[in-house]
Structures are given as C-alpha cells and as structure tokens.
Amino acid sequence: MRADRGEELVALVDDKNLQASENIIAAFHAESATDAALAAVNAVSAELTTEWLINLNKQVDVDRDTPAVAAETFLDETGVTEGLSGGSGSLVVGHADWSESETMANIYSGVLEAAGFEVTTQSVGNREAYLTALQEGQFDVMPEYAASLTEFLNPDAGPGTDPVASSDITETLTTVEPWLADAGIVLGEPAEAVDANAYAVTTTFAEEHGISTLSEFAEKCSGKASILGGPAECPDRPYCQLGLEQVYGIQFGQFKSLDIGTLSKQALVTGEITVGTVTSTDGSLAEGVTVPSGPEGDTEEE
C-alpha cells in the first residue's frame, strides 16, 4: 500500500503509548539548582506543549528564523517571564548541537534573566559530552529529554539490556531519581512537550483510509503492501519497527533505510514509503507546512 502523492504530513497518534516519555525537562548541576532558577525553568515547563515545540521548530527549520528569535516568540506569547525574581549571580545554559536544543536553551536563558541571573549560552555537543560537562559544573543547566537521560544514567545499561524508561513520565522520573544524586544532577518539572519517535503519513493517505492513530493503521493498512521508512537500526529497536509489530501488530512488507528527517519525509511525498519515521516535534508537522519531494520539489516518476 503506497502513500499517495501529497505534500502535507501528519503524525499518527501513538494511542497505545509505545514511545517512552521523552518530555522536555531542565537538568541542573546540583549546586546551581536554586529555588529561583528552578522556578524560572518550571514556568517554561508549565506552558510548553508538543504543539508549541512543533511550531518553534517550524520557525527555525522551515521559516529559517534563528533559535533566539523563536525563543523570543515563546517568551512573548506565553508571558512566562512575568513575576519571576530572586535570582543573582551568573549561569551558563548549555545546549546540544541541534536547533531544538538551542531554542530551548534560549528560552531558559530568557526566563533566568527575567529572574535576575546573568546568563550566557554555550553549545556543548552530544549527550556524552554535555552530561560530563554538566556534572563537572562547566555549565549550570540545559534542556534534556527525560527518557533518554534515564537510560543514559542507568548504571546497569549495556548491550542487550531492556529500556528502563516508561511511557509514563511519572514512572520514568521515579526510576531515574536514585541515580540523580550520584550524578550530581537536579531536575526541574517536566513539560508536556514530548520529542520522541513518531510515524507520519501524508494527509492525503490519512484521509483516504480514514486513519489518525497507529491502531487504525494496524486495522486498515497492515500488510505486505505497506512500506516503513526509518533509520537503519529501526527494525530491531523497541520504539521503532519491533515495537510497532509487538505493540500494534503492524506488519510491513518492506523496510527502507532512510534518515529520520528529510529523506523519510521526501519518500512519503513521492510514495516510495507508506509510513515515515520522524520526530514528534518535527516542524514539518505544523499546520500548513508542505514537504517537497526532493531538493528542487520535483516528483519522482513511477
């Protein structure tokens, strides 16, 4: 079953909670987690939804604004800086080397400045690099993802071990809690916003088959004619093809190895795949965003 040629994409709802709780959460170096600093980042978490993050990512990745400009959009429209106070001294907000993390770092910077801190931001690379830097106090706070942080801090993690993070954020935070003190990390409150694997189809395909959830896809579209696109490791991962088969009973006739971003989305538009692996906060999921079939928007001939 090949996806029709459409340009807008929609993520199918994970109605059986396959994905882990990758809620956005602020991770502090323990000595930097003052009441004023925690109150500032928690004000962000109280307002940040997945829809907000999709639109912030659209602003940066589609509309080509800077992460700093996108952060100002969130701060201005939510009013989260109002009433913050009690901060003093300087803080360094770290971020990983992708745009969503940088946008979140700028949002944290804005609320911390409003609370009275002097704030700078700093790029610190991947999780292996930035968690070490955070633990050593090279910077004070950064945006994190709850489930991934939990898996990283799991002292028993290793090849072949099962994930310990849950699809329930409360359970995930309960799991990671005993490991935080040893790591020298304090967490803020989690946001509603979740950045996890998501499975997208074209809006034309969704409307034609009357589907909006993964369960409905399993009922109506599972089978040899359906093609899944995603990263090379997807067939063996519990949150990817393996999980789709075990949790939803979805069978695919074929898997195509594609990146989790541009190539998967273009393959959906051209009909090369039926379902594409994206992230749940991908800017291409924002209302009205269209995805071209290739660098020049040309549609592949069949």
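Q: In β10, which residue is the bridge partner of Gly 229?
A: Some ground rules come before the answer. This is a predicted model, where local features need pLDDT of at least 70 and side-chain atom pairs count only at pLDDT 80 or more, while totals for chains, interfaces and linings use all residues. Residues are numbered from 1 along each chain as its sequence is written, and side-chain values use heavy atoms, with hydrogens and water left out. Strands (E, at least two residues) and helices (H or I, at least four) are DSSP runs, numbered from the N terminus. Two strands pair if DSSP finds at least two bridges between them. Here, Gly 229 has Gly 276 of β10 as its bridge partner, and β8 and β10 pair in the parallel sense over 2 bridges.

Q: In which sense do β7 and β10 pair?
A: Antiparallel: β7 and strand β10 (residues 275-279) are joined that way over 4 bridges. Look for Ala 198, whose bridge partner in β10 is Val 278. β7 also pairs with strand β1 (residues 9-11) in the antiparallel sense, over 3 bridges, and there Val 10 has Val 201 as its bridge partner.

Q: How many residues of β7 are buried?
A: Buried means under 20% relative accessible area, exposed over 50%, and partly exposed in between (1.4 Å probe, protein chains only). In β7 (residues 197-202), 5 of the 6 residues are buried. Strand β8 (residues 223-230) is mostly covered too, with 6 of its 8 residues buried.

Q: What handedness does the β-α-β unit of β8, α10 and β9 have?
A: Point the strands away from you: a crossover is right-handed if the path from the first strand over the helix to the second runs clockwise. The unit made by β8, helix α10 (residues 241-248) and β9 is right-handed. Its two strands run parallel, with 5 bridges joining β8 to β9 (residues 252-257).

Q: Is Ser 280 buried or exposed?
A: Buried, with a relative accessible area of 16%. Ser 280 lies in the segment after β10. Contact means heavy atoms within 4.5 Å. Leaving aside neighbours within four places in sequence, Ser 280 is in contact with several residues, including Thr 50, Ile 54 and Leu 285.
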